[in-house]
Amino acid sequence: MSDTLDIIKKLAEEDVNEYIVQAADDGRKILGYMCSFVPEEIIHAAGMVPYRLRAVGSKETRLGDTYYSAINCSLVRHIFDKALNHEFAFLNGVVFMNGCDHARRMYDNWRNAFQTQGLGPEFLHMFVAPHTTSETSFKRFLDELMDFSEVLEKNFNAALTTEALQNSIVIYNKRRRLLRGVNEMRKLPEPPISGAEMLAVQSAMTSIPVENAVDLLERLTIELQNRRIDGEGKLRIVLAGGAMEEIEHIQMIESCGAIAVADNLCTGGRHADVSIELNGDPIAAIARRYLYEVSCPRMIDEFDNRSASLEKIMKDYRTDALITEKLMFCDLWGGENFLLKQESKRLGFPMLSLEREMYGGGEGQMRTRVQAFFEMVRNRQS
């Protein structure tokens with residue numbers, strides 16, 4: 001058993017952890033953010049700790065439902081419910097994103113709650129990323145990054161120097177490189193880490209300072225060298241979808257006779273895929289990486305590239321099937337799943353789409369669907 005993996009699993013299950021507490025004690029500000037398009041390097045270069053908002057530990061959305069309807073995304077309802085319960089009181093600010101209408105609306109709701117209920121923190125910023133990858137979009141995104149940098153400097157008395165940005169790029173590239181290294185191990189016939197464990201690793205790394213993340217990943221890489229999971233008779237699957245943090249859900253899928261050896265999740269392998277170039281203007285390099293490489297269904301006219309990337313993952317990791325994960329009322333992934341279904345027929349790979357409420361139960365029904373799907377895949381193979 002990996003001692004470091006046990007530490008990481010615990011981090012994935014809690015909001016406030018010892019690393020965040022220590023960073024705050026050292027005088028560093030903690031800045032929450034909502035989406036993979038928010039540039040962590042800029043926040044880090046300003047002397048702060050980027051912290052991805054999650055719904056871990058949430059049991060209900062009673063307070064969140066006073067702002068959101070029941071037909072809104074359960075992720076944002078859970079996160080905002082936690083905010084209203086002051087479970088993010090350790091944050092010094094929150095950066096919102098126009099990832100989707102549900103997430104974008106949280107900026108308005110949080111700002112209203114700040115004005116009417118005194119819900120902190122005071123610094124609430126709306127970060128806007130383009131929905132296309134044209135040259136015009138790049139210029140617009142570059143302006144947004146410059147504005148974001150100036151806002152951080154003004155509100156937190158920070159100095160975003162070229163040297164600080166370059167140093168941040170270097171250490172975040174190192175975290176990406178280490179995560180990719182662990183993912184590479186999953187190509188083995190008997191991977192050293194399960195899909196549920198890898199989700200815990202990827203989730204935990206966005207909830208602690210990057211310096212601590214690098215240290216833990218270096219230790220984990222060493223400890224995984226001689227660790228193996230029995231893969232005999234198990235299907236090798238890929239998981240694709242948006243925000244996914246329910247480790248128990250992945251454990252349920254794997255318990256049906258599979259190992260999740262790769263993923264294309266926005267809270268998973270996607271944000272570690274590509275590093276940032278070190279040459280030239282660091283802001284421009286950050287803009288290129290986040291605009292052109294972090295593709296998801298919010299990006300218009302990019303489906304062919306996403307499909308090709310997913311096809312490459314399935315081939316590289318020698319997978320048997322694809323399972324897509326969609327939260328209820330997510331229009332973006334509803335459209336993506338429809339297109340992926342057409343691709344699965346064209347390319348001849350088995351695909352199952354699971355739709356669920358986050359922390360919403362229904363395990364028995366989903367287990368039955370997964371078991372039937374795996375039986376179909378095995379029959380097809382034989």
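One aromatic cluster brings together Tyr67, Tyr68, Phe80, Phe96, Tyr107 and Trp110. Rings of Phe, Tyr and Trp (its six-membered ring) pair if their centres lie within 6.5 Å, with planes under 30 degrees apart called stacked, over 60 edge-to-face and the rest tilted. The model is a predicted one, so local features need pLDDT of at least 70 and side-chain atom pairs pLDDT 80 or more, while totals for chains, interfaces and linings use all residues. Residues are numbered from 1 along each chain as its sequence is written, and side-chain values use heavy atoms, with hydrogens and water left out.

The count of aromatic pairs comes to twelve. One of them, Tyr51 with Phe90, is edge-to-face, at 5.1 Å centre to centre and 80 degrees between the planes. Tyr51 sits in strand 2 (residues 49–52) and Phe90 in the loop between helix 4 (74–84) and strand 3 (93–97), so this pair ties together parts 39 residues apart in sequence. Helices (H or I, at least four residues) and strands (E, at least two) are DSSP runs, numbered from the N terminus. Both Tyr51 and Phe90 are buried, where buried means under 20% relative accessible area, exposed over 50% and partly exposed in between (1.4 Å probe, protein chains only).

Rings also turn up next to charges. The charged end of Lys187 sits over the ring of Tyr317, 5.2 Å from its centre, and Arg289 lies over the face of Tyr290 at 5.0 Å from the ring centre. The rule here is NZ of Lys or CZ of Arg within 6 Å of the ring centre and within 35 degrees of the ring normal.
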